[in-house]
Amino acid sequence: IVVVTPMDLIKRKRAEAVNRIISKGYLAPKRVYVGMATCEIAAGSKEVMAVFQDAIAKGLTDVYLSQKGCAGRCNLEPTVEVVEEGKIPVKYGKVTPERAREIIERHLKKGEVIQEWVI
């Protein structure tokens, strides 16, 4: 007979949670958050999100992509936030699909913060 202790259950649950976090990419060295509140969607953020999704589908690695809620800056939407390990988060404003492609090429692939779009 195998006896499963409460501590065994806790350890198993913890291991499952850690594996889930890792498999979803939450610990990726680069994280991209696209504003997807109703106002941002109206401003074009679905198209911006699609650019990032397409880049990941085509092989952009080490990037976790997610959406975020309202930032209260309707005049600067759509917004994209790039968070990298050991660096200050960068928030871009008025991001179009074309700018999203530039953010991928210049910031995510080459490490260049595009200062003129930073808010």
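The dialogue below takes up the sheet, the helices, a residue in its surroundings, the surface and the salt bridges.

Reply: Please keep in mind that this is a predicted model.

Me: Let us begin with the sheet. In what order do the strands of the open sheet lie?

Reply: Strands of a sheet pair through backbone hydrogen bonds, in either a parallel or an antiparallel manner. Here the open sheet has 4 strands in the order E2-E1-E3-E4, and the pairing is mixed. Strand E2 (63-68) and strand E4 (90-92) form the edges, each pairing on one side only. On average, neighbouring strands are turned by 20° against each other, direction ignored.

Me: How many bridges join strand E3 to E4?

Reply: Strand E3 (residues 80-84) and E4 run antiparallel and are joined by 3 bridges. Within E4, Val-90 is the bridge partner of Val-82.

Me: Which strands does helix H3 touch, and which does helix H4 lie across?

Reply: Helix H3 (residues 45-57) packs on the sheet and touches strand E1 (30-35), E2 and E3. The direction of helix H3 makes about 165° with that of E2. Helix H4 (residues 97-108) lies across E1, E3 and E4, and runs at about 20° to E3.

Me: Is Ser-45 buried or exposed?

Reply: Ser-45, found in helix H3, counts as buried because its relative accessibility is 0%, where buried means under 20%. Leaving aside neighbours within four places in sequence, Ser-45 is in contact with Val-34, Gly-35, Met-36, Glu-40 and Pro-78.

Me: Which residues make the nonpolar surface patch?

Reply: Val-18, Ile-21, Ile-22, Tyr-26 and Leu-27 make this patch of about 430 Å². One of them, Ile-22, lies in helix H1 (residues 6-23).

Me: How many salt bridges are counted, and which residues are linked in a network?

Reply: Side chains of opposite charge can pair when their charged atoms come close. In this model the count comes to 6 salt bridges. Glu-102, Arg-106 and Glu-112 are linked in a network. Arg-106 meets Glu-102 with the closest N and O atoms 3.4 Å apart, and meets Glu-112 at 2.7 Å, N to O. Because Arg-106 and Glu-102 are 4 residues apart in helix H4, about one helical turn separates them. Glu-102 is partly exposed, at 32% relative accessible area, and Glu-112 is partly exposed at 33%.

Me: Where do Glu-84 and Lys-87 stand, buried or partly exposed?

Reply: The side chains of Glu-84 and Lys-87 meet in a salt bridge of 3.9 Å, N to O. Glu-84 is buried, with a relative accessible area of 11%, whereas Lys-87 is partly exposed at 47%.

Methods. Residues numbered from 1 in each chain as written. Predicted model: local features only at pLDDT ≥ 70, side-chain atom pairs only at ≥ 80, totals over all residues. Heavy atoms only, no water. Pairing = 2+ DSSP bridges. Helix = DSSP H or I, 4+ residues; strand = E, 2+ residues; numbered from the N terminus. Axes fitted to C-alpha atoms, helices over the stretch in contact; angles between N-to-C directions. Contact = heavy atoms within 4.5 Å. Patch = residues over 30% accessible without salt bridge, like charges linked within 9 Å, V, L, I, M, F, W, Y side chains within 5 Å. Areas by Shrake-Rupley, 256 points an atom, 1.4 Å probe, with all protein chains shown as cover. Salt bridge = Lys/Arg side-chain N within 4 Å of Asp/Glu carboxyl O. Buried < 20%, exposed > 50% of the residue type's maximum accessible area, 1.4 Å probe, protein only.
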